[in-house]
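Look at the structure, then read on.

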Amino acid sequence: MAGPVAVELSAAQGEVQVRRSSSGPWGPAQLPISLGFDDSVRTGAGGAATLKVGREGTIELRERTEVSVRQLLANRARFRLERGRIGATPGGTSVAIESSGSRAVAEATTGSFAVFNDGKGLVAVVADAGEVKLTTNGGDTMLAAGQGARVVANSAPVPEAVPRSVLLKVAWPEEKVTRALNVTLRGEADPGAVVAVNGVKTRIEADGHFETDVPLAPGTNHVSITTTDRFGRTASAEETVRVERRAPPLKAEHEGWQ
């Protein structure tokens with residue numbers, strides 16, 4: 001009789017922690033780590049991690065994401081997304097993702113899909129490739145490649161159109177050389193997205209607009225903006241602003257003797 005599916009934390013970047021059982025302490029990840037029932041992995045700001053599931057399956061954890069192992073069978077692995085964003089590629093093993101605060105469960109054996117949980121009851125699922133079965137209080141819904149759905153708490157899923165590209169518009173300053181101590185950036189992203197400026201999470205309005213002040217240092221400043229939409233897709237933009245705080249040279253005027 002075949003044993004349970006093997007799950008391993010195979011890659012980690014930035015702040016990544018592991019907890020053995022629901023009552024154990026969190027500790028830094030030391031690769032590779034085999035995970036069992038009730039073990040958890042979480043990533044901090046700027047962190048990322050990869051779980052290897054079976055022979056060819058993977059689960060990619062984005063930043064600020066927490067996942068726990070809920071079930072390991074011979075050909076099926078079930079995980080619980082406490083919060084954050086993941087991308088799952090089952091690779092032949094049935095992978096099911098349940099979400100904290102909701103009864104939504106996304107499951108597939110082939111293809112790939114993404115799940116977002118805001119930790120407050122909002123869950124978004126998108127099928128990137130192949131079909132994904134989404135189970136909720138409203139029954140089972142099959143999502144084909146390119147289709148998405150949103151679930152709030154225990155409600156029935158609401159179909160969502162998945163934009164072809166990730167929205168990110170930035171109004172960069174016209175002057176690329178300045179003496180200012182900071183620069184104000186304004187832009188627009190997908191509503192519900194996470195926007196970070198130079199790695200620092202920025203508040204985004206309900207309509208997707210954001211505004212933030214970026215401190216500048218003397219010399220060349222590289223400013224980068226990254227957005228991750230509710231389907232787990234990312235986009236980025238960057239610009240360079242140079243700060244010259246030396247006073248401009250004085251021009252001597254020779255008017256001769258009077």
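**An enclosed strand**

All six of the six residues of strand S10 (residues 94-99) are buried, so S10 is largely enclosed by the rest of the structure. Buried means under 20% relative accessible area, exposed over 50%, and partly exposed in between, with a 1.4 Å probe and protein chains only. This is a predicted model: local features need pLDDT of at least 70, side-chain atom pairs count only at pLDDT 80 or more, and totals for chains, interfaces and linings use all residues. Residues are numbered from 1 along each chain as its sequence is written, and side-chain values use heavy atoms, without hydrogens and water.

- Strands are DSSP E runs of at least two residues, numbered from the N terminus; two of them pair if DSSP finds at least two bridges between them.
- S10 runs parallel to strand S9 (residues 76-89), with six bridges. Arginine 78 faces alanine 96 of S10.
- S10 runs antiparallel to strand S11 (residues 105-108), with four bridges. Valine 95 is opposite alanine 108 in S11.
- Five residues separate S10 and S11 in a hairpin, and glycine 101 in the turn has a positive phi of about 80°.

**A five-stranded sheet**
- The open, mixed sheet has the order S19-S25-S24-S21-S22.
- S19 (177-178) and S22 (200-202) are the edge strands, each with a single partner, so one side of each lacks a neighbour in the sheet.
- Four bridges pair S21 (residues 194-197) with S24 (residues 219-228) in the antiparallel sense. Valine 194 is opposite threonine 228 in S24.

**Charge over a ring**
- The charged end of arginine 42 sits over the ring of tryptophan 26, 4.1 Å from its centre. The rule requires NZ of Lys or CZ of Arg within 6 Å of the ring centre and within 35 degrees of the ring normal.
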